[in-house]
Amino acid sequence: MRLPGWATRNIKLKAVACGLALVTWTVVVYAGNPPDSRTVTVAVPQDTLSLPQSYVLATAIPEITVRIEGTREHIDAFQTTSLKVIVNYSAIHHVGLQNVPVSVVNNDHNVDLTDAPSSVVANVDALDTKGLTVHVKYTHTPPQGYRIAGNPTVSPDSLVVSGARRELDGLQAIVSVDLGTRKSVLSQDFNVSLVDRNGRPVNDVGFVGSQTVHVDIGIISVTGTRSAGINLTTTGQPAPGHYISGVGIQPSTIVLTGPEDILNGLDSVQTRPVDITGINSERTVNAQLQLPAGVSANPSTVTIHITVGVPATPTPSPSATPSPTPTPRPSPTPTPPAPT
């Protein structure tokens with residue numbers, strides 16, 4: 001077939017023009033959406049059921065890193081859920097550190113996957129079981145005036161756990177119980193927690209069966225009674241020239257009820273401050289008592305009789321009468337001698 005003349009005329013020039021147009025179009029397209037690449041991380045599946053029955057991962061396998069390439073638009077729209085990591089756990093035949101084959105499948109056809117690892121390092125240990133006695137740990141003890149009666153009862157008192165053999169060494173089963181507001185018997189179900197010998201939580205060891213136990217703890221009151229004296233507390237000063245000459249308190253002793261550890265140190269209690277400002281005569285008042293928290297008194301109010309006195313004015317001593325000054329007696333005049 002022979003092309004018409006207009007189609008073959010200046011064909012070289014037309015070819016150059018088409019090439020320039022294609023290059024220009026490519027530059028324009030890639031200027032708005034250029035090629036790009038990005039590093040992403042993806043988790044490694046570590047389902048224990050995928051491992052051979054006699055083995056378990058001693059530590060978690062970290063995420064792996066891969067690089068994706070494509071246009072900027074496709075890179076920005078990429079989701080790591082498009083990547084699937086497949087680990088060949090059947091290749092595990094011994095304990096310790098070892099390389100396990102791995103493959104990464106990309107389900108997003110708009111990007112290409114590069115630098116994907118072919119294996120991961122797994123820390124493998126033998127799978128084992130162990131029976132642990134359940135211990136009760138008190139985060140708070142009972143409030144003031146109450147105490148724990150005897151040892152707690154735990155049912156069942158032990159549980160079986162399964163995990164890496166090295167993780168089971170030093171493992172403890174703990175039930176944390178808060179008795180901070182408890183004033184009566186506690187009977188309740190609790191979930192058991194696992195901690196290592198340093199008290200740090202352990203999450204990669206499982207329970208063989210239930211991890212719930214029933215705990216019974218007795219709480220009893222430790223209140224007692226005792227007699228105590230009363231001391232008056234005052235504020236202010238009597239009227240000028242007056243003073244408190246006497247204080248009578250009825251009753252003179254009261255009965256205190258409360259926690260024994262507080263009562264042991266209470267030989268007496270103070271009244272709430274009684275204002276004596278400006279008093280110049282006898283006064284009788286009722287006063288409340290200042291009591292420690294958790295302690296009550298019978299009676300809780302006492303009657304106080306205050307007596308006011310005035311200092312006595314001293315009587316001056318009588319002056320001594322001076323002795324009279326003696327009158328001097330005249331000396332006798334000598335008698336002249338008789339003439340011869």
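How much space lies in the largest pocket? In this predicted model, local features need pLDDT of at least 70 and side-chain atom pairs count only at pLDDT 80 or more, while totals for chains, interfaces and linings use all residues. Residues are numbered from 1 along each chain as its sequence is written, and side-chain values use heavy atoms, with hydrogens and water left out.

The largest pocket holds about 390 Å³ of space, a pocket being an open set of points on a 1 Å grid over the protein atoms alone, where a 1.4 Å probe fits and protein lies on both sides within 12 Å along at least five of seven lines. Its lining, meaning residues with an atom within 4 Å of a point, comprises 20 residues, and Thr48, Val56, Leu57, Leu127 and Asp204 lie nearest the centre. Strand E2 (55-57) and strand E9 (158-164) are the elements that give two or more residues to this lining, strands being DSSP runs (E, at least two residues) numbered from the N terminus.

| Lining class | Residues |
|---|---|
| Nonpolar | 11 residues |
| Polar | 8 residues |

Elsewhere, Thr284 lies in strand E21 (residues 283-290). Leaving aside neighbours within four places in sequence, Thr284 is in contact (heavy atoms within 4.5 Å) with Thr303, Ile304 and His305. Thr284 and Thr303 are 19 residues apart in sequence, yet their C-alpha atoms are 7.0 Å apart in space.

Of the 340 residues of the protein chain, 29% count as buried, that is, under 20% relative accessible area with a 1.4 Å probe, protein chains only.

Note on methods: Grid points are joined across faces, edges and corners, and a volume is the space filled by probe spheres set on the points. Helices (H or I, at least four residues) and strands (E, at least two) are DSSP runs, numbered from the N terminus. Ala, Val, Leu, Ile, Met, Phe, Trp, Tyr, Cys and Pro count as nonpolar, Asp, Glu, Lys and Arg as charged, and the others, Gly among them, as polar. Buried means under 20% relative accessible area, exposed over 50%, partly exposed in between (1.4 Å probe, protein chains only).
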